[in-house]
Amino acid sequence: MDKAAGDLKQALPNVCENVQIHVEIHQKSTSVAKTEDIRMSVLKLLNRHNIVFGDYKWTEFDDGFLNSNVQSVSIVDTDLKLKDRQPIDLSKSNLSLHIFHLNEEGPSSENLEEENEDIIAANHWVLPAAEFHGLWESLIYDTEVKSDLLDYVTTTLLFSDKNVDSNLVSWNRVVLLHGPPGTGKTSLCKALAQKLTIRLSYRYRYGQLIEINSHSLFSKWFSESGKLVTKMFRKIQELIDDKDALVFVLIDEVESLTAARSAFKAGTEPSDAIRVVNAVLTQIDQIKRYPNVVILTTSNITEKIDMAFVDRADIKQYIGPPSTAAIFRIYLSCLEELMKCQIIYPRQQLLTLRELEMIGFVENNVSRLSLVLKEISRRSAGLSGRVLRKLPFLAHALYIQSPSVTMTAFLQALSLAVDKQFEERRKLADCV
């Protein structure tokens with residue numbers, strides 16, 4: 001440790017030590033450097049900057065080798081373990097380095113031909129995918145859902161490695177995220193698949209994400225529909241057979257298929273519908289036995305999910321609308337991005353809620369704009385995360401329309417955009 005770092009540590013008595021720190025290293029697509037060479041160069045970088053405050057990202061380097069081969073080095077997910085933005089001593093922490101390339105090819109379609117009809121049964125990504133880069137960090141929740149999901153899959157792999165008898169200790173590798181539309185359930189599933197592919201790169205060379213198109217596949221209630229499901233899962237089985245791949249199967253809006261069972265019992269659905277549901281459950285039971293597969297499912301209508309499916313889920317996590325605190329953090333991340341792009345200019349310091357709390361929410365020249373944002377966040381309660389991330393764009397489009405704007409003027413526009421959002425909701429409700 002150099003003298004400057006030593007002096008800093010003396011000034012920070014509450015430095016965290018002996019914590020697990022994950023470092024994600026995005027290797028450039030043009031780089032053919034050896035993983036070990038990159039690893040050693042990154043360790044030297046971290047040794048020179050061994051006191052950090054929470055998550056941190058380097059995109060420029062003094063080292064010519066890193067500049068040529070590495071897009072970024074990021075200390076990530078410290079907020080999942082540390083409640084406050086505490087200083088961390090990297091020299092006395094357990095560092096896990098994850099080096100990855102991004103796949104930039106985009107999704108491909110898995111098509112099934114049935115009765116002269118070409119059905120798009122699923123979308124297929126090779127992970128980590130450029131499309132999902134940064135998605136995990138953009139998702140903000142009040143609960144420990146992100147940490148819990150990561151820990152769940154880690155335990156799943158441990159139990160598989162130790163050959164725990166699943167007949168005695170049961171786990172199904174099935175996750176169910178449920179809650180109202182627009183809360184980020186599908187995005188969280190995709191981000192989780194991306195994160196785990198990077199996190200487990202020491203074990204699996206790449207990931208595979210198969211997003212099953214429930215509406216096109218499971219709404220085909222004709223005589224061959226059960227066979228159609230079998231065909232789909234046969235393709236998934238081929239991916240699972242590659243032991244170098246970590247395979248994620250995403251079934252979005254799972255209630256669209258499991259609700260068929262109750263409709264069948266009520267006599268409103270043909271018998272073929274229940275055969276499709278049974279085929280899906282049978283296929284899930286078959287693939288869940290493999291150690292390199294995770295089944296991710298979402299539902300917007302919890303009460304319509306078939307209980308036979310609910311029982312198969314190890315984690316049943318409710319994802320609700322964000323609280324005022326989460327809304328504040330979402331807005332804060334949006335404003336930081338707009339300042340980085342100089343749409344909001346000049347750059348203004350914004351305090352976190354924790355920092356505002358430490359000064360007793362007293363208004364002064366430093367806290368004034370942050371307190372304005374806190375009030376806008378309070379008035380935004382009830383809006384979904386999907387809407388909240390659109391509001392900064394709408395604020396600019398409706399009330400600014402100039403290349404750059406001050407933070408004060410932008411917050412005024414954001415406040416008007418929030419008011420307009422609720423006004424439009426009231427008008428829609430009156431029309432129903």
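Helices and strands here are DSSP runs, numbered from the N terminus. With that in hand, let's look around this predicted model. The protein has 17 helices and 13 strands, and 49% of its 432 residues count as buried. If you take the contacts between residues at least 6 apart in sequence, 76% of them join residues at least 24 apart.

**Two cis peptide bonds**

- Leu 127 and Pro 128 are joined by a cis peptide bond, with omega near -5°.
- To find Pro 128, look in the loop between strand E8 (117-127) and helix H4 (135-138).
- Tyr 345 and Pro 346 are also linked by a cis bond, and here omega is about 0°. Pro 346 sits in the loop between H12 and H13.

**Helix H12 and its neighbours**

- H12 runs over residues 324-340, which makes 17 residues. From first C-alpha to last, H12 reaches 24 Å, close to the 24 Å expected at 1.5 Å a residue.
- Just past the end of H12 comes Gln 342, with a positive phi of about 65°.

**Helix H16, seen from its buried side**

- The buried residues of H16 are Leu 391, Pro 392 and Ala 395. They sit on the same side of H16, because they cover an arc of only 105° around the axis.
- These buried residues of H16 pack against H12, H15 and H17.

**Positive phi in the loops**

- Most residues other than glycine have a negative phi, so exceptions are worth a look.
- Phe 361 isn't a glycine, yet its phi is positive, about 55°. You'll spot Phe 361 in the loop between H13 and H14.
- Is Phe 361 buried, partly exposed or exposed? With a relative accessible area of 38%, Phe 361 is partly exposed, because that category lies between the 20% and 50% cut-offs.
- Gln 401 isn't a glycine either, and its phi is positive at about 65°. This residue follows H16, in the loop between H16 and H17.
- Gln 401 counts as exposed because its relative accessibility is 60%.

**Where H5 and H6 cross**

- The axes of helix H5 (residues 145-161) and helix H6 (residues 185-199) come within 11 Å and cross at roughly 50°. That angle is why H5 and H6 are oblique to each other.
- The crossing of H5 and H6 is right-handed. On the H5 side, the contact is made by Val 145, Lys 146, Leu 149, Leu 150 and Val 153. H6 brings in Leu 188, Leu 192, Lys 195, Leu 196 and Arg 199.

- Lys 195 belongs to helix H6 and is buried, with a relative accessible area of 3%.
- Leaving out residues up to four places away in sequence, Lys 195 touches Glu 24, Val 76, Asp 77, Trp 136, Glu 137 and Leu 150.
- Gly 207 is 12 residues from Lys 195 in sequence, and their C-alpha atoms are 10.0 Å apart in space.
- Thr 297 is in strand E12 (residues 293-299). Thr 297 counts as buried because its relative accessibility is 0%.

How values were computed: Residues are numbered from 1 along each chain as its sequence is written. This is a predicted model: local features need pLDDT of at least 70, side-chain atom pairs count only at pLDDT 80 or more; totals for chains, interfaces and linings use all residues. Side-chain values use heavy atoms; hydrogens and water are left out. Helices (H or I, at least four residues) and strands (E, at least two) are DSSP runs, numbered from the N terminus. The expected span of a helix is 1.5 Å times one less than its number of residues. Buried means under 20% relative accessible area, exposed over 50%, partly exposed in between (1.4 Å probe, protein chains only). The arc is that of the directions from the helix axis to the C-beta atoms. Contact means heavy atoms within 4.5 Å. Axes are lines fitted to C-alpha atoms, for helices over the stretch in contact, and angles run from 0 to 180 degrees between N-to-C directions. Angles under 35 degrees count as roughly parallel, over 145 as roughly antiparallel, 65 to 115 as roughly perpendicular and the rest as oblique. A crossing is left-handed if the near helix is turned anticlockwise from the far one by less than a right angle, and right-handed if clockwise.
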